[in-house]
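Please examine the sequence and the structure before reading on.

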Amino acid sequence: MDDLDRRILATLQKNNRLSFAELAELVGSSAASCMRRVNKLRSDGVIVADISLVDPKAVGKSLTVVVTVELDRERLDLVDDFKRAMRAAKEVTQCYMITGDADFVLIVAVEDVEAFDVFVKTKLYTNPNVRKFRSMIALDRVKFEPRVTV
């Protein structure tokens, strides 16, 4: 990946709806070169998705909760089961396996405290491998930018 690829990625992370001509003008290249490079970045798995970021509050998900989870046993099959369950949980917008005191960090977006209570009862309390979890309610979203510095 060279400097032009990095400029393309930085620009697309701000707005991926640009035409190749607009992108080329912003990064100082030709439209044909930008198209080839973007297609290669996609095929190489550097660009993993073209998505629209939606404000959770605008669609009724006014409560964001950060949850740390400790598993009881760290057997590979049980860890994989937990990962599968979190991928399937519509309330979980992000899930990270981490080091330290907890095993996972979840970002949960729900309508309200009652919806979070349902999530806890159906996805955490019912999982026999969840030893302990802690939840922290977000009071203010300071940054909402899933960009990677390239």
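The questions and answers below concern this predicted model.

Me: How far apart are the centres of domain 1 and domain 2?
Reply: The protein chain is divided into domain 1, residues 3-44, and domain 2, residues 56-138. Taken over C-alpha atoms, the separation between the centres of domain 1 and domain 2 is 36 Å.

Me: How many disulfides does a search of the whole structure find?
Reply: A disulfide is a covalent bond between the sulfur atoms of two cysteines. To count here, a pair of cysteine sulfur atoms must lie within 2.5 Å. In the whole structure, the number of disulfides found is 0.

Me: Is Cys-34 buried or exposed?
Reply: A residue counts as buried when its relative accessible area is under 20%. The relative accessibility of Cys-34 is 0%, so Cys-34 is buried.

Me: What does Cys-95 count as, by its relative accessibility?
Reply: The class between buried, under 20%, and exposed, over 50%, is called partly exposed. Cys-95 has 32% relative accessibility and therefore counts as partly exposed.

Me: Which parts does the pair of Phe-82 and Phe-104 tie together?
Reply: The count of aromatic pairs comes to 3. In the pair of Phe-82 and Phe-104, the ring centres are 4.7 Å apart and the planes stand at 50°, so this pair is tilted. Both of these residues, Phe-82 and Phe-104, are buried. Because Phe-82 lies in residues 76-88 and Phe-104 in residues 104-110, the pair ties together parts 22 residues apart in sequence, namely helix α4 and strand β3.

Me: Which residue lies over the face of Phe-144?
Reply: A charge sits over a ring if, among other conditions, CZ of Arg is within 6 Å of the ring centre. At 4.3 Å from the ring centre of Phe-144, the residue over the face is Arg-141.

Terms used. Residues numbered from 1 in each chain as written. Predicted model: local features only at pLDDT ≥ 70, side-chain atom pairs only at ≥ 80, totals over all residues. Heavy atoms only, no water. Domains from an automatic or database assignment. Buried < 20%, exposed > 50% of the residue type's maximum accessible area, 1.4 Å probe, protein only. Phe/Tyr/Trp six-rings, centres within 6.5 Å; stacked < 30°, edge-to-face > 60°. Helix = DSSP H or I, 4+ residues; strand = E, 2+ residues; numbered from the N terminus. Lys NZ or Arg CZ within 6 Å of the ring centre and 35° of its normal.
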